[in-house]
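I opened the notebook today to look through one structure, entry by entry. I kept to what can be read from the atoms.

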Amino acid sequence: MSSDAKHKPKIAVFKFASCDGCQLSLLDAEEHLLAVAGAVDIAYFPEASRRMLKGPYDIGLVEGSVTTHHDAQRIQQARRQCRTLVTIGACATAGGIQALRNWNDVNEFVSYVYSNPDYIQTLKQSTPIAEHVPVDFELRGCPINKYQLVEFIAATLAGRKPNIPTYSVCLECKRRAAICVAVARGLACLGPVTQAGCGAICPAYGRGCYGCFGPMENPNAKALARRFAELGNDREQILRAFRNFNAWSWQFRAATEEREQQ
Amino acid sequence: MPTRSASAAALSVSALAELISTLQARGYQVIGPAVRDGTIVYSPIERLEDLPAGFSMEQEAGACRLVKRNDGAVFGYAAGPRSLKSFFHPAEIKLISAERDNGTFRIVSDAPSPPRTAFIGVRACEIAAVRIQDRVLLEDRYKDTFYETRRAHAFIVAVNCTAPADTCFCASTNTGPRAREGFDIALTEIVDDGRHVFLAEAGSAAGKELLRELPKAEPAAELRKAAEKALQDAAGSMKRRLDTDGLAQLLYDNFDHPHWDDLASRCLCCANCTLVCPTCFCVAVDEASDVDGRSAERWRRWDSCFTQSFSYIHGGSVRHSPKSRYRQWLTHKFASWSDQFGTLGCVGCGRCIAWCPVGIDVTRELAAFRTSPAAVNSQGGSHD
Ligand code: SF4
Ligand code: SF4
Ligand code: SF4
Ligand code: SF4
């Protein structure tokens, strides 16, 4: 796809169980939106426009996880309509914060939250899109980083590989000359096992990384969990550190479930 | 008795303040140690008060804590998290940008010219590291011109180490605690019995000329002796040691040692060790176009042999496993570096030990290979 080809790539944005934050990141990419709008045809984006063109689409961006039977059917349709399917954000990529239900009984939650639980139909687990259909690319983050999104679109239009690194947050942390909070303050920082992309915002402001971008290319979560214990964190604190937006990613899951058994 | 000629001199604390203002008056941006975010780190310095008088850092494997000293020493700490690499070989730099122009394209070279920089508080190990980077980036077939311009105009005020950290082992690598060359001025700080002075030596014509401008006294023989003793004590007090004898061969012979698996179970492949190391020079060059395809930029960023993309060639990454990546780092620093560049790739600064988030200590890991060397490799060792 070259930018001067006649055919403007059609983009669709699908929403599943999520907070809409990733779609907002797309809308927030203001300084690039005009260029994006000029280069692509935003054919289906219910959050932004009432215009809804039929598929097929060249690129489908999927926000959110699968939590209902209806979702599970809808993602199959979405996949069939998109040449390239990209998950955006921790929900779509790893199941999101709502995947914390996966270790508990969701019916119990439902009975606490809703006065008429009978109307609620939900699956036992919140699952990432890739557990249902093949995914071509993942944009990580909670929410995604708008520059990574724009980079993905620019690269796709130019027919080149997106420059989206899969190494740890620590590289971004050191490049911006932040002082390591794990070493200088003994904080539990998930940066070493988390994929770069946020620019190491939290360490730069004196906090440990929360792992929004999910597991990096070869996360050694077990070794980091051991270190958290050496730093004085108890089992509960360690589980909580790994169990947030990307709790259900298999790498973080394996590390926490092993610790739970100890 | 004031003197205007000698290349060694005794400077008072106020003369140190004048050193800073004189450098500023000559158009240098002054970079020196300052307390920031719980450490002592190279930062822009405006005046004497910005320096970390009365502070030190306690450093251990995976830990660094700011502590107070009760003697008011200005340079009573050892290597901090940043080294001169951050300045001479920047973490991120735009190499070029390009713009589409009537069916062709135009290269826009808009790199800002680097400031003239003076560094205060540079340690012997760091100067040794700069010499190693010179060898890699300037003295081979191709020159790194970005490094060259930043390096060329630097003025270096070294400080000999009298307070090594527990992570330091420069006495073993023969790169400290005394700076022997590669500086314009070298200071040794003496704080005792109510005196606070710096023994200053010039190491270059520029250093000599600058010293001439400062109020100073002829150093008494006793001061020289005190400085000598402080440096000897520092060398003798180092807690960590590294036996460099036959080190390269030891690593080559132990390519398949089970200790690499042990390391792989602890290492996070986070790359911190390589990024804080003052000699590691590896970078990645990325190009990116914008959405409408009108302009593109080429950026260079610090990279590390701990990332998967680092060894990517057609078909995949050569070093797929954490084990192979840790082995690359340790073997490059302590073995193949010598074959390539004629020295060790390590100057004993201890940064990789302190700033490893899980506290992996190269001196201990290397010693482990010595205590239980495996059988000499058969040809064609594993590549996992
Ligand atoms: S603060 Fe966290 S992200 Fe930054 S270098 Fe330390 S461990 Fe890595
Ligand atoms: S290998 Fe470690 S101790 Fe040696 S120079 Fe690099 S950071 Fe310093
Ligand atoms: S140890 Fe790794 S990062 Fe450092 S110079 Fe060697 S290959 Fe590069
Ligand atoms: S040795 Fe330490 S700093 Fe280096 S990659 Fe491994 S965990 Fe990170």
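The entries below go from the interface to the ligands and then to single residues.

**Conventions.** I am working with a predicted model, in which local features need pLDDT of at least 70, side-chain atom pairs count only at pLDDT 80 or more, and totals for chains, interfaces and linings use all residues. Residues are numbered from 1 along each chain as its sequence is written, chains are lettered from A and ligands numbered from 1 in the order in which they are written, and side-chain values use heavy atoms, with hydrogens and water left out.

**Interface of chains A and B.** I looked up the contact (heavy atoms within 4.5 Å) and found that it takes 35 residues from chain A and 46 residues from chain B. The size of an interface is often given as the accessible area lost when the parts come together. The buried area (the accessible area, with a 1.4 Å probe, that two parts lose on being put together, summed over both) is about 3100 Å² between chain A and chain B, and carbon and sulfur atoms give 57% of it. I noted that A:Arg175, A:Ile179 and A:Val183 supply 23% of the area that chain A buries against chain B, more than any other three residues.

I then looked for polar contacts (a pair of N or O atoms within 3.5 Å; within protein, one must be able to donate a hydrogen and the other to accept it, and residues adjacent in sequence count only if both atoms are side-chain atoms), and the count between the chains is 16 residue pairs, both residues at pLDDT 80 or more. On the side of chain A that touches chain B, at least two residues each come from α2 (30–39), α6 (146–158), α7 (169–175), α8 (181–185) and α10 (221–230) of chain A; helices here are DSSP runs of H or I with at least four residues, strands are runs of E with at least two, and both are numbered from the N terminus. The largest share of that side, 5 residues, comes from α6(A). By class the side of chain A that touches chain B has 21 nonpolar, 6 polar and 8 charged residues, where Ala, Val, Leu, Ile, Met, Phe, Trp, Tyr, Cys and Pro count as nonpolar, Asp, Glu, Lys and Arg as charged, and the others, Gly among them, as polar.

How many salt bridges does the rule find across the interface of chain A and chain B? I recorded 1 salt bridge (a side-chain nitrogen of Lys or Arg within 4 Å of a carboxyl oxygen of Asp or Glu), and the side chains that meet in a salt bridge are those of B:Arg325 and A:Glu217, at 3.8 Å, N to O.

**Ligands.** Ligand 1 lies between chains A and B, and the residues that surround ligand 1 include A:Cys170, A:Cys173, A:Cys180, A:Cys189 and B:Asn272; a residue belongs here if one of its heavy atoms lies within 4 Å. The largest share of this shell, 4 residues, comes from α7(A), and the shell divides into 9 nonpolar, 2 polar and 1 charged.

Around ligand 2 I listed, among others, B:Cys277, B:Cys346, B:Cys349 and B:Cys352. The elements that give two or more residues to the shell around ligand 2 are α11 (322–341) and α12 (351–354) of chain B, and by class that shell has 8 nonpolar, 2 polar and 2 charged residues.

**A:Arg243.** This residue is found in the loop between α11 (235–242) and α12 (250–261) of chain A. Is A:Arg243 buried or exposed? A:Arg243 counts as buried because its relative accessibility is 12%, and buried means under 20%, exposed over 50%, partly exposed in between (1.4 Å probe, protein chains only). The side chain of A:Arg243 makes a polar contact of 3.1 Å with the side chain of A:Thr256, and another of 3.1 Å with the side chain of A:Glu260.

**A:Asn163.** I placed A:Asn163 in the loop between α6 and α7 of chain A, partly exposed at 29%. Leaving aside neighbours within four places in sequence, A:Asn163 is in contact with A:Glu151, B:Asp286 and B:Arg301.

**Backbone entries.** Most residues other than glycine have a negative phi, and most peptide bonds are trans. I noted a cis peptide bond between A:Gly55 and A:Pro56, and one between B:Gly176 and B:Pro177, with omega about 0° for A:Gly55 and A:Pro56 and about 0° for B:Gly176 and B:Pro177. Phi of A:Ala200 is near 55°, and A:Ala200 is buried at 0%; phi of B:Cys269 is near 55°, and B:Cys269 is buried at 3%.
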